[in-house]
Every structure is written in C-alpha cells, then in structure tokens.
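Please study the sequence and the three-dimensional structure shown below. The paragraphs that follow lead from the chain as a whole to its sheet, its helices and its metal site.

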Amino acid sequence: MHTSAIVLFSGGQDSTTCLAQALSKYERVETVAFDYGQRHIVELQSRLNVLREIKASFPHWAGKLGEDHLLDLAVLGQVSDTSLTRDVAFKMESSGLPNTFVPGRNLLFLTLAAALAYRRDLQVLVTGVCETDFSGYPDCRDDTIKAMQLALSLGMDKRFLIETPLMWIDKADTWRLADTLGGQPLVDLIVEHTHTCYLGDREHRHAWGYGCGQCPACELRARGYGRYREAG
Ligand code: ZN
C-alpha cells in the first residue's frame with residue numbers, strides 16, 4: 001500500500017495537476033524541482049505561488065503537503081546548448097525534436113528524485129510526462145519510464161513506483177482531470193498561477209492563463225483549454 005509520494009513539480013499546468021492528484025491519493029506528499037539556469041525565474045516563482053495557493057485554498061490537502069526541495073542542476077547548462085538555458089529561439093530540429101530537448105534530462109530528474117525519495121522515505125515518484133504531447137521527448141515515453149522504474153528500484157534496492165497520470169491523455173483531458181480533482185477552484189488556481197509559456201510572459205492574460213499566446217507551449221495550453229470549455 002502506497003501512502004507517500006514525491007512530485008516532480010515545475011509550477012506548470014501538468015505538474016500542478018499531478019500534485020493535486022497525489023494530494024488526493026496519498027497521506028504525505030513532497031515536491032521537488034531543478035534549477036538549471038532556466039531563462040525565466042518566472043517558473044521558479046510560479047511554483048512557490050502555486051504551493052502557497054494550494055495550501056490556502058485546499059485545507060484538506062495543506063496538511064499532507066510536506067517539504068519542497070529545489071536542487072541545483074547548473075551542471076546541465078554545461079552539457080547542453082538549448083533554448084531553455086541559452087538565449088536561442090525555440091525551433092524544431094531536423095531530428096524532429098525541438099531544440100529545447102536536453103538529452104537525458106528527464107532521466108537525471110528521475111534519478112535525483114528517487115535519491116531524494118530514498119532519503120525522505122517516500123515510495124512513489126510522480127511525474128507529468130506525456131506521450132501524447134507534441135514534443136515527443138524520448139525520455140518521457142512510457143517505455144523509458146518503465147525502464148527507469150526498474151533501474152532505480154534495482155539500483156537503490158528499494159521498490160519505487162513511478163506514476164505518470166498524464167501519460168495517455170491530452171491537454172483538454174488534463175484540464176478535465178484538474179476539474180475532477182479540485183473543481184472550479186483548482187481550475188482557477190491553475191489558470192492564474194501556473195506557468196507554461198516558453199517566453200516567460202506574465203503580462204498577457206488569456207482565459208487559459210498568462211503567456212505570449214504564440215509559442216508551442218501556449219498554443220497547446222490554449223487549444224486544450226478551448227476544447228475542455230467547449231465540451232462543458
Ligand atoms: Zn508562450
């Protein structure tokens with residue numbers, strides 16, 4: 001029986017929905033994020049705002065929400081040259097992957113989250129990776145995650161479960177899931193406080209939240225929200 005989890009929590013729509021689900025399922029939930037010189041400090045600020053708002057608006061979850069961890073991963077900047085860590089515009093490469101792709105980044109995140117879970121005696125790792133997402137990062141695929149679950153469980157001699165609530169759903173369903181978990185107050189919280197825009201835009205407010213409205217992350221979020229609203 002699993003009672004505790006650590007959520008890879010970036011402060012975006014996806015990981016906030018995963019956090020809500022973990023809080024609805026488990027007794028003790030901690031959060032972790034990685035600081036690797038993201039261009040936009042906006043993301044790190046958003047996650048703190050989301051945690052604060054969850055505690056304020058969902059008292060029955062607040063008591064379960066434990067420590068928040070921020071791990072310094074500046075080393076990623078040394079091995080990558082991408083638009084998330086340097087001032088380069090987002091574009092698709094000939095490989096079919098966006099230039100935001102940092103090889104093995106998610107493997108590293110999961111390994112560090114597992115190490116933290118080991119030390120904190122947490123059983124489940126929760127991550128918002130998704131195969132239906134446009135980006136198709138190979139280290140976010142279901143097979144990769146299953147292989148990581150096995151490798152981490154063997155390598156640390158502790159039985160980890162890696163949970164991926166969003167693996168097979170699209171962005172409209174992610175909004176629906178938030179609605180199911182926390183109703184309109186959670187949907188409102190996600191609209192207002194989570195951040196997904198690649199350009200770090202917090203000036204332009206849309207029905208679906210803040211963002212430039214043009215980058216792939218904004219487009220995906222806006223389209224998903226539109227379909228979620230249409231379906232009612
Ligand atoms: Zn944007």
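A residue is called buried if its relative accessible area is under 20%, exposed if that area is over 50%, and partly exposed in between, using a 1.4 Å probe and the protein chains only. By this definition, 52% of the 232 residues in the chain are buried. The model is predicted: local features need a pLDDT of at least 70, side-chain atom pairs count only at pLDDT 80 or more, and totals for chains, interfaces and linings use all residues. Residues are numbered from 1 along each chain as its sequence is written, and side-chain values use heavy atoms, with hydrogens and water left out.

Helices (H or I, at least four residues) and strands (E, at least two) are DSSP runs, numbered from the N terminus. The chain contains 8 helices and 7 strands. A contact means heavy atoms within 4.5 Å. Of the contacts between residues at least 6 apart in sequence, 69% join residues at least 24 apart.

The open sheet has 5 strands in the order β3-β2-β1-β4-β5, with parallel pairing. At its edges are β3 (65-72) and β5 (161-163), each of which pairs on one side only. From one strand to the next, the twist averages 25°. Within this sheet, β1 (residues 4-8) and β2 (residues 28-35) pair in the parallel sense over 5 bridges. Leu8 stands opposite Val32 in β2. Strand β2 is mostly covered, since 6 of its 8 residues are buried.

Helices lie across these strands. Their directions are described by axes, which are lines fitted to C-alpha atoms, for helices over the stretch in contact; angles run from 0 to 180 degrees between N-to-C directions. Helix α2 (residues 41-57) lies across β2 and β3 and runs at about 175° to β3. Helix α5 (residues 105-120) lies across β1, β2, β3, β4 (124-126) and β5, at about 140° to β2.

Two loop residues deserve attention for their backbone angles. Most residues other than glycine have a negative phi. Asp121, in the loop between α5 and β4, has a positive phi near 60°. Asp157, in the loop between α6 (142-155) and β5, likewise has a positive phi, of about 50°. Asp157 is exposed, with a relative accessible area of 72%.

Which residues hold the zinc ion? Donors are N, O and S atoms within 2.8 Å of the metal (3.2 Å for Na, K and Ca); water is not among the atoms, so sites may look incomplete. The protein donors here are the SG atoms of Cys197, Cys212, Cys215 and Cys218, 2.3 to 2.4 Å from the zinc ion. In sequence, these donor residues follow the spacing C-x14-C-x2-C-x2-C. Four donors count as tetrahedral if all angles lie between 85 and 135 degrees. The zinc site is tetrahedral, with angles of 105 to 118° among its 4 donor atoms.

Conventions
Four donors count as tetrahedral if all angles lie between 85 and 135 degrees; four count as square planar and six as octahedral if opposite donors are over 155 degrees apart and all others between 65 and 115; anything else is irregular. Two strands pair if DSSP finds at least two bridges between them.
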